[in-house]
Amino acid sequence: MQYYSPDSFSSAAEIASKAQGSIRFLAGGTDVLVQLRSDIFTPDTLIDIKKAEGAKSIERTEDGGWRIGAAVAGAEMSEHAELKNEWPGVVEAVDLIGSTQIQGRATLVGNLCNGSPAADSVPALVAADARIVVQSLSGERIVSVMDIPKSPGKTNLEKGDVVKAVLLPTRAERSGDAYLRFIPRSEMDIAVAGCGVWLQLDEQGVVSAARVSLGAVAPTVLDVDAAAKAIIGTKLDDAALENMAAVASSACNPITDRRGTVEYRTHLAGVLAKRAAKIAYTRAGGSQ
Amino acid sequence: MSKIHVNTTVNGDEVDFLCDPRETLLDCLRDKLQLTGSKEGCGTGDCGACSVVLDGRLVCACLVLGVEAEGKTVDTVEGIAKGQDLHPLQEKFIKYAALQCGICTPGILVATKNLLERSPNPTETEVRYWLAGNLCRCTGYDKIIRAIMDTAAEMREAG
């Protein structure tokens with residue numbers, strides 16, 4: 001295994017595009033090192049991106065949103081008061097991952113690129129309409145979060161692509177986000193189901209725009225447009241919430257494993273969607 | 001495969017070692033620097049027995065590569081006592097018998113010291129969540145938590 005620690009994302013992309021054999025990028029290492037350690041997978045080339053310019057910074061973008069570098073650890077996001085205030089759902093989703101020790105290392109981008117269907121931060125990013133900045137030899141491109149996951153453990157990123165950062169949009173007026181997941185323990189487990197909700201209210205407190213996303217209930221994260229439509233034009237009355245829950249559940253295509261059955265996950269998706277929507281509604285300034 | 005020369009600071013001392021890029025910081029601490037206080041429980045970041053502080057941040061040494069320690073500061077359980085003088089946390093762990101087999105203890109001491117530096121007056125809930133990634137299969141945690149709460153109170157009084 002060759003180890004590289006380039007000082008820019010363009011040189012990371014260059015190393016990756018020229019490398020022979022298998023490649024992994026190292027940010028927090030909480031997935032890569034487990035695979036290495038357990039002899040599941042040892043790459044021929046390991047590219048540590050932590051020293052790349054901008055990898056460790058959380059910056060305000062020109063349009064008033066946020067740019068979160070690919071190597072920013074979960075704890076660094078949770079300790080960033082302004083970011084947490086504007087995107088509490090995203091920050092809470094990241095904070096749910098692993099222990100204090102894992103939070104000291106694990107990254108948002110690693111959670112996305114690891115490709116787990118149960119990744120907690122990914123539905124929150126979809127709900128937030130985050131964008132992903134990808135560097136390659138030919139330059140930089142910006143894609144949607146939904147463009148990255150391909151199947152469990154696989155992404156649509158090509159050889160020579162490296163994710164530089166996540167962009168969060170400006171927090172719109174009267175908007176709020178939330179992410180909830182269910183695990184059978186109180187800490188240290190992987191989502192049985194997860195749901196991210198972002199919504200915006202008009203001046204009367206009626207939902208004018210929304211996004212609802214689901215994790216761990218399909219091979220990749222789901223952006224459930226029909227569930228969002230079920231609450232748009234409402235004040236989240238019980239009928240609207242029940243309708244949204246039913247639509248969310250019907251979008252599920254989960255597996256049965258030791259954490260939960262198909263039926264359980266499908267039911268949970270609806271319950272979590274209702275609860276997350278209520279939190280997002282309150283955060284947007286709505287009152288029922 | 002060529003080894004990489006790593007310069008780092010461990011418990012305040014400048015040290016260097018040669019390591020294969022696949023070796024973890026835990027391997028390097030234990031096998032190259034003979035700092036065997038940090039334990040390997042699971043090797044996959046679940047148990048916290050290898051907890052160390054890397055540039056002020058609590059991490060599992062089994063999930064850090066030795067080469068990543070270049071230019072950083074690493075604090076391990078060996079740096080907690082000052083010579084023969086135990087840290088108040090260590091005194092309380094003895095007083096409360098907050099350990100049995102001792103494998104988890106170095107990690108719990110490192111993790112708790114880091115917590116008390118950030119938050120000198122934690123609630124029991126905060127302590128329990130902070131230590132969610134430090135598994136102990138002997139004590140049932142109760143004595144550990146009592147030792148920590150008492151240490152925190154004593155350290156606040158001592159200012």
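How many Å separate the centres of domain 1 of chain B and domain 2 of chain B, taken over C-alpha atoms? In this predicted model, the domain assignment of chain B gives a domain 1 that covers residues 4-79 and a domain 2 that covers residues 88-158, and the separation of their centres over C-alpha atoms is 22 Å. The two domains of chain B touch through 14 residues of domain 1 and 11 residues of domain 2. On the side contributed by domain 1 of chain B, β3(B) gives the most, with three residues, and the residues of this side divide into seven nonpolar, six polar and one charged.

The strand β3(B) belongs to an open sheet of five strands in chain B, whose order is β2-β1-β5-β3-β4 and whose pairing is mixed. The edges of this sheet are formed by β2 (13-19) and β4 (57-60) of chain B, each of which pairs on one side only, and the twist from one strand to the next averages 40 degrees. Within the sheet, β3 (residues 51-54) and β5 (residues 73-75) of chain B pair in the antiparallel sense over two bridges, and V53(B) stands opposite D75(B) of β5(B).

A helix is also placed against this part of chain B: α3(B) lies across β3 and β4 of chain B and runs at about 40 degrees to β3(B). The crossing in which α2(B) passes α3(B) is right-handed. On the side of α2(B) the contact is made by L89(B), Q90(B) and F93(B), and on the side of α3(B) by T105(B), L109(B), T112(B) and K113(B); by class, this contact comprises three nonpolar, three polar and one charged residues.

The contact between the two chains takes 24 residues from chain B and 22 residues from chain A. The residues that chain B presents to chain A divide into 14 nonpolar, seven polar and three charged.

In chain A, the domain assignment gives a domain 1 made of two segments, 2-49 and 56-168, and a domain 2 that covers 188-283. The C-alpha centres of these two domains of chain A lie 25 Å apart, and their contact takes 20 residues from domain 1 and 21 residues from domain 2 of chain A. On the side of domain 1 of chain A that touches domain 2 of chain A, the elements that give two or more residues are α5 (88-95), α8 (121-127) and β8 (149-151) of chain A. Of these, α8(A) gives the most, with five residues, and by class this side of domain 1 of chain A has 14 nonpolar, four polar and two charged residues.

Terms used. Residues are numbered from 1 along each chain as its sequence is written. Chains are lettered from A and ligands numbered from 1 in the order in which they are written. This is a predicted model: local features need pLDDT of at least 70, side-chain atom pairs count only at pLDDT 80 or more; totals for chains, interfaces and linings use all residues. A crossing is left-handed if the near helix is turned anticlockwise from the far one by less than a right angle, and right-handed if clockwise. Helices (H or I, at least four residues) and strands (E, at least two) are DSSP runs, numbered from the N terminus. Two residues are in contact if their C-beta atoms, placed from the backbone, lie within 7 Å. Ala, Val, Leu, Ile, Met, Phe, Trp, Tyr, Cys and Pro count as nonpolar, Asp, Glu, Lys and Arg as charged, and the others, Gly among them, as polar. Two strands pair if DSSP finds at least two bridges between them. Axes are lines fitted to C-alpha atoms, for helices over the stretch in contact, and angles run from 0 to 180 degrees between N-to-C directions. Domain bounds come from an automatic or database domain assignment.
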